Amino acid sequence: MKKINRRKFIENTSLLTTSAFALGSADLSRVFYKGSSFDIIIKNGMVIDGMGSKEFRADVGILNGKITAIEDLSSASANRVIDASGLKVAPGFIDIHTHTDLGVLRNPKGESKIRQGVTTEISGNCGDSFAPVSKEAVKRANKHYSEKYGFTLKDGSMASYIEMLKTRDFSVNQATLLGMGTIRELCVGMDDRPPTADEMRCMKYEVEKAINEGAVGVATGLEYTPGSFASTEELIEIFKMIPDKVKLYATHMRNEDDTGEEAVEEAIMIARDSGCRLQMSHLKASGKSNWHKAESLLRLMDEAVKSGMEVHADRYTYVAYQTGLANMFPMWARDGGSKAFVKRLKIDAHVKKIRKYSNKKASNLDGEWGGVVVTRIHNKDYEQFKGMSVKDIAIEMNKEPFDAAVELLINNNGNVGMVGFGMSEKSTELILSHPRVMIASDAGAHAPYPPINNSIAHPRAYGTFPRAIAKYVRERNICSLEEMVKKMTSLPAEKIHLKNRGRIAKDFYADITLFDYNTVQDKATFIDSHQYPDGIPYVLVNGKVVVDKGDHTGAMPGEMITS
């Protein structure tokens, strides 16, 4: 082999570097990448890096599941080249507030999420996570899920749940929060009472343990039983036990309508006094009489940030929320769980008090009981009412709307799904435009085929992220496209402490969504919800193509992400 002396080597190297520098950085990349091989090259696209920076033209090289080059790669080779001409190349969207949980077993392809560009989901929200649970709950779960999905849990711990999911294949990355309603049920039960000293020790222990086993934060559902029975002081004391590596508190607040401002103040107090970082879930001013309060809700967040706290919020891109029909009824009526609730609905003295509360709550919706649409029902005798408003159902039953709602709940064990048209477009735009508000679906993963299309999904399950771009950037121009992409990518990644995700950057995981800005569009409606969006031809997860020219490839490269 011919030897090269040191002086000659330095001269040659200097000449190469100087020549490349004179040609510019793009030509330097050609010199460097000539003959280099990638798994995938995405060429000719406009890159939106996820940090809010102005888009720029570049090719993206992917190797071993990660982004390894963002350059002019015209001289490089790859196993596959995706021509992104006319498309935006963005980080995969991160859905920070979801309810997929064990839905990854029913629908491991994650159809409604991946097809709208979502590559990572955070479940366990609104106080409800799959674990930790009691021994009795484990027995029930194992009996059900071993028959349907072929798995068994070793025990009721968060570790057992996460380890089980790690053995499964799915298309979208998954992570989970720890539900405080789940914790309270485990340690205290379903009753509305303060915990004993032993029960407080139990909750503190379980919170610290679950975070150390992989949960990425804690979440409350303070409008739902039994999480709603927790006092402010109780939560502050428990959250002091959240390990410093996480310290994330996500909350479905105690109220989202008449006392929404007080609920935001409580959330800030809990986070401040426990030393947590705060994420306010699906921030809204619900009810006609409260629409004007959106500004004050955001002002309270801004004041907390000025005081030195880390506070963010998330919100879906629709003016109707989704919940259970039971949420139209007072909290005291739901004390003790579904059986106790249904029992109270059969007692005239209770019903008289409940009627006044529920009718007042309905009167504040857009359309009153006509703004309450039934989406999920279990009793086959009532299936014909899916997709109808309670007002129209009442006409069919020849009853008052409240009485129709009571009949539905009694005959469905208190478990009926609904959407409520409670928000205004003006307040929605104001909240979505705030720089500390992230985009989130507040939905599980769905698909338009059996058995997972047997209920009407909220359209946000299919259209949240495309709608953010199509309606609120392209049509309403509430912020720049780059800022909107940031709300979907780097902002939630930083909030959850996701390492090397949420940006188009070297050494980051190749979770990438390609979309056509001019044609991207949500198509799902409140009546015909099971429709995929348009304008998202390619989605990659961990460097694997999952959506290819608009079709799901069947690839399941998703990973279970832990704290």
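Hi everyone, a word on ground rules before we look around. Residues are numbered from 1 along each chain as its sequence is written, and side-chain values use heavy atoms, with hydrogens and water left out. Because the model is predicted, local features need pLDDT of at least 70 and side-chain atom pairs count only at pLDDT 80 or more, while totals for chains, interfaces and linings use all residues.

Let's start at strand β12, residues 277-280. Helices and strands here are DSSP runs, H or I of at least four residues for helices and E of at least two for strands, numbered from the N terminus. R277 and Q279 point one way from β12, L278 and M280 the other way, and all are buried, meaning under 20% relative accessible area, where exposed is over 50% and partly exposed is in between (1.4 Å probe, protein chains only). In a regular strand the side chains alternate between the two faces of the sheet.

Who are the neighbours of β12? Strands count as paired if DSSP finds at least two bridges between them. Strand β11 (residues 248-252) runs parallel to β12 with four bridges, and L248 has R277 as its bridge partner. Strand β13 (residues 311-315) is also parallel to β12, through three bridges, with Q279 partnered by H312.

Now the interior. A nonpolar core is a set of buried Ala, Val, Leu, Ile, Met, Phe, Trp, Tyr and Cys residues joined through side-chain atoms within 4.5 Å. The largest has 78 residues, and L102, Y161, V218, F239 and Y249 touch the most other members. A second, separate core of 34 residues includes L325, M328, F402 and L409.

Most residues other than glycine have a negative phi, and most peptide bonds are trans. Here, the A131 to P132 bond is cis, in the loop between β7 (118-123) and α5 (135-149). P450 and P451 are joined by a cis bond too.

N542 has a positive phi near 50°, and K549 has one of about 55°. Which of them is buried, and which exposed? N542 is buried at 9% relative accessibility, whereas K549 is exposed at 64%.
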